[in-house]
Amino acid sequence: MIAFAGGLGYSPLLLIAAIVCSPIGGPKIRLRLYMFAILLALEFVAASARWSPRPISLVDFDPKTMSIAVRFEVARVGLAFLWTAVLIEAARTLSPKQARNVVRVATIAILLQLVVVAVLAMFEKKVLDVFLPIEGNEGEGVQNISRNGIIMALAAPFLIVGAGRTLSFSRALFVEIAVFVVVLAVLATRGVNGGIVSTAAGLLSVAIVRLFPVNGFRILGGMIASIIMGTPFVIGYLSRGAEATLATDSNNWRLAIWRKVIEVIDKDPIFGQGLGVLRTMRERIPSGVFKGELYVPNHAHNMVLQLWAETGAIGASLVALAIVLAGFRMPEPRKLGVAGFLAAALAGGFIAIALVSFDLWNDWWWATAGLLSALIVVMMRAEAIDQPSRMLATSPSLGVAPAE
């Protein structure tokens with residue numbers, strides 16, 4: 001169902017999982033230094049609503065359908081962070097046997113979604129014809145398939161590890177190649193270049209923690225923080241001269257969007273223009289291939305630029321600080337085994353996607369990352385030794401002390 005929904009089901013899935021695990025994980029949450037930085041960043045974003053030109057509503061209630069929805073973006077994403085923390089703490093309590101069972105179920109689920117996504121990509125027209133009466137918007141259906149491709153790019157390393165962890169080297173290598181071929185084929189067929197870039201960024205991040213087994217996460221955290229602080233300058237250079245009326249494809253249009261967002265950032269690079277400012281820009285392109293489209297379609301299609309536009313250097317600095325602190329909080333990569341590689345791949349893939357796609361306050365995308373983060377901890381527990389006392393000195397990569 002999540003595959004057909006294009007990822008929108010991940011937010012309720014994360015919530016349901018957190019509710020189930022809250023009696024175990026909730027009481028174990030302890031505030032860390034990087035968490036304070038995240039909270040400060042969220043508080044500053046919330047405060048920026050006061051000087052934003054966009055009216056902010058906390059919730060929307062429809063009396064006809066008796067449905068209620070949280071509309072305050074900061075609350076949605078902040079709750080996703082909380083649910084993720086609950087799941088991570090609950091995952092830490094799993095025994096190795098329990099963790100391996102979770103890995104098996106998660107691997108089957110990701111594999112099933114990959115198969116569904118491949119089918120959706122191969123038979124797009126027929127699928128859209130079937131679901132159009134329900135969806136009501138063919139464009140949204142197309143977007144859902146592309147979103148699924150990006151999700152699969154982020155989840156591919158978990159599928160590879162989950163499916164290949166009990167196989168011989170040659171068979172595991174076959175699984176790895178097969179998964180990457182399918183994922184990249186789906187992305188290439190749909191022209192989702194961001195997913196392809198995220199795959200490359202994930203592999204690069206894995207190489208960093210592999211080459212620097214002690215300080216790999218610190219280096220990676222510093223690199224991501226530098227990207228966040230330097231993005232307006234780099235994008236400003238790349239998008240110079242970009243004009244929406246002259247754009248002939250989505251890549252050129254995206255450059256034009258970024259140029260407009262840079263103009264917003266320049267108005268107040270310190271405090272930003274406030275939460276949701278980009279949604280107030282309703283000017284439409286007067287001519288060209290994209291005539292009638294918004295110059296800035298609700299968000300920047302670049303999470304980092306959106307962060308700068310809404311909260312300026314202050315908000316960006318708080319987020320960068322949180323990432324650096326998290327990098328120093330992480331254990332040494334050599335002590336995490338394969339879980340360390342998964343964490344690096346997730347970090348690299350996520351920041352790559354953040355630079356080319358999605359709304360910063362897209363809660364289902366944060367929920368996707370949250371579920372995969374919890375699965376990293378599960379993978380780490382699955383590698384642990386059930387009865388260390390029966391083993392000889394074990395590998396330090398597992399973090400288990402030698403038997404006495």
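Predicted model: local features only at pLDDT ≥ 70, side-chain atom pairs only at ≥ 80, totals over all residues.
Arg 334 has a relative accessibility of 48%, so this residue counts as partly exposed. The side chain of Arg 334 meets that of Glu 332 in a salt bridge, with 2.7 Å from N to O. Glu 332 is likewise partly exposed, at a relative accessible area of 21%.

Side chains of opposite charge can pair when their charged atoms come close. Seven salt bridges are counted in the model. One of them joins Arg 54 to Glu 73, whose closest N and O atoms are 2.4 Å apart. Arg 54 belongs to the loop between α3 and β1, whereas Glu 73 belongs to helix α4, so this pair ties together parts that lie 19 residues apart in sequence. Arg 54 is partly exposed, with a relative accessible area of 22%, while Glu 73 is buried, at 6%.

A further salt bridge links Arg 259 and Glu 263, with 2.8 Å between the closest N and O atoms. Both residues lie in helix α11; because they are four residues apart, about one helical turn separates them. Arg 259 is partly exposed at 22% relative accessibility, and Glu 263 is partly exposed at 34%.

The packing of helices may be considered next. Helix α10, residues 216-238, packs against helix α12, residues 303-329, at an angle of about 170°, and their axes are 7 Å apart. Angles over 145 degrees count as roughly antiparallel, and α10 and α12 are therefore roughly antiparallel to each other. The residues of this contact comprise 18 nonpolar, five polar and one charged.

Note on methods. Residues numbered from 1 in each chain as written. Heavy atoms only, no water. Axes fitted to C-alpha atoms, helices over the stretch in contact; angles between N-to-C directions. Helix = DSSP H or I, 4+ residues; strand = E, 2+ residues; numbered from the N terminus. Parallel < 35°, antiparallel > 145°, perpendicular 65-115°, else oblique. Nonpolar A, V, L, I, M, F, W, Y, C, P; charged D, E, K, R; others polar. Salt bridge = Lys/Arg side-chain N within 4 Å of Asp/Glu carboxyl O. Buried < 20%, exposed > 50% of the residue type's maximum accessible area, 1.4 Å probe, protein only.
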